[in-house]
Structure formats: C-alpha cells, structure tokens
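Have the sequence and the model open side by side as you read.

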Amino acid sequence: MPKTQRSDEERCGWYDYWYDRMARATMRLADGHEVDCLCALRFLERLRGLLWADDANLPAEALAFPRCRSIHTFGMAYPIDVAMVDPRGRVVLSVRGLGPGRVVREPRASLAVERRASGRPWPLEGEAVTFEPYA
C-alpha cells in the first residue's frame, strides 16, 4: 500500500480520509534532514490546517501552505513550529513553540510550513530549504 494511503484499521475517522488525499512533498533542510509535508492546496485544506490533528491521524510531520504570508493558532490546543519561506527557498522567519491564540505574519514569505512543536530538526532563519515531490 503506498505511504499516502493507510488501511481501514489504521484510520481514526473521517479526518484521515481528508489527509490521505492531500499532495505530499519532502522539505530538505540545509543540514540534510528531511521533513515529510502534506501540501494544503485547496481552500478547505488550508482552512483546517492542523486544527484537530494529532499524531494518530496526520500521515506527515508537517503541513505546507503555498502562497501564504501569515498563519494563526486560534483554536489550537498545542504549540506549533512555524517556518516562513521566501520565493528563493530562504527561511525568512522560524518560530519554535508558537502557542495557541497567536498570529505570525511575514510579508516576504511565499510559503508557510507548520507542525506540532517538537525537538526534531527544523529550519533556522537564513537557511535555504528545498521542496521535492514525495517519492
């Protein structure tokens, strides 16, 4: 079974159905680490974001939002890590552990990436990142 699809036993409800149909990409960090991303391309995917997501029903480490210059954490129950990337692939803003009820704006950004806050590798401001289709 492809990595983007999970068996019925692994599903936790209709949220899994939602995530399984999103495009995927790999974000490569400057130090060589990779972050598996779902790409929020459609309006409802972008609107939902990480809201109601947990490790059991999110089949990737992060969500990427193309054409995005701001994100918010209203309604979130946990902190998130955020990276704002400019059109050249340079991280112009990186925030770790952004708490609920906050807004982050970066006018130079063309893409936002967010995930549940963790100690795993995350891009730093000024680093170059690349995105490749998920293989």
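The points below go from the overall layout to a few single residues.

1. **Ground rules.** This is a predicted model, in which local features need pLDDT of at least 70 and side-chain atom pairs count only at pLDDT 80 or more, while totals for chains, interfaces and linings use all residues. Residues are numbered from 1 along each chain as its sequence is written, and side-chain values use heavy atoms, with hydrogens and water left out.

2. **The overall layout.** Going along the sequence, the pattern reads α-β-β-α-β-β-β-β-β-β-β. Of the 135 residues, 46% are buried (under 20% relative accessible area; exposed is over 50% and partly exposed lies in between, with a 1.4 Å probe and protein chains only). Among contacts (heavy atoms within 4.5 Å) with a separation of 6 or more, 62% link residues 24 or more positions apart.

3. **The sheet.** In what order do the seven strands of the open sheet sit? They run β6-β5-β8-β3-β2-β1-β9, with mixed pairing. At the edges are β6 (91-98) and β9 (130-133), each pairing on one side only. On average, neighbouring strands here are turned by 25° against each other, direction ignored (the axes are lines fitted to C-alpha atoms, for helices over the stretch in contact, and angles run from 0 to 180 degrees between N-to-C directions). Two strands pair if DSSP finds at least two bridges between them.

4. Strands β2 (residues 34-39) and β3 (residues 62-66) are parallel, with three bridges, and L38 has L63 in β3 as its bridge partner. β1 (residues 23-28) runs antiparallel to β2 and is joined to it by six bridges; there R24 stands opposite L38. The hairpin of β1 and β2 has five residues between the strands, and G32 in it takes a positive phi near 95°. Next, β1 pairs with β9 in the antiparallel sense over four bridges, with T26 opposite E132. As background, side chains in a regular strand alternate between the two faces of the sheet.

5. **Two cores.** The largest nonpolar core has 17 residues, and F65, I71, I80, V82, M84, L98 and A112 touch the most other members. Such a core is a set of buried Ala, Val, Leu, Ile, Met, Phe, Trp, Tyr and Cys residues joined through side-chain atoms within 4.5 Å. β3, β5 and β6 each supply at least two residues of it. Apart from this core lies another, of 13 residues, including C37, A64, V113 and W122.

6. **Cysteines.** How many disulfides are there? The count is zero, taking a disulfide as a pair of cysteine sulfur atoms within 2.5 Å. For C37, the nearest cysteine sulfur is that of C39, 6.6 Å away. C37 counts as buried because its relative accessibility is 0%, and C68 is buried too, at 9%.

7. **D81.** Is this residue, D81, buried or exposed? D81 has 1% relative accessibility, so it counts as buried. It lies in strand β5 (residues 80-85). A polar atom of the D81 side chain lies 2.9 Å from the backbone nitrogen of G97. Leaving aside neighbours within four places in sequence, D81 is in contact with residues including V95, R96, G97, V113 and W122.

8. **T73.** Look in the loop between β4 (70-72) and β5 for T73. T73 has a relative accessible area of 0%, so it is buried. The backbone nitrogen of R102 lies 2.8 Å from a polar atom of the T73 side chain. Not counting residues up to four places away in sequence, T73 touches I80, L98, G99, P100, G101 and R102.

9. **E125.** This one sits in the loop between β8 (111-116) and β9. E125 is partly exposed, with a relative accessible area of 48%. E125 and S94 are 31 residues apart in sequence, yet 5.5 Å apart in space, C-alpha to C-alpha. Not counting residues up to four places away in sequence, E125 touches V91, V92, L93 and S94.

Methods: Polar contact = N/O pair within 3.5 Å; in protein donor to acceptor, adjacent residues only side chain to side chain.
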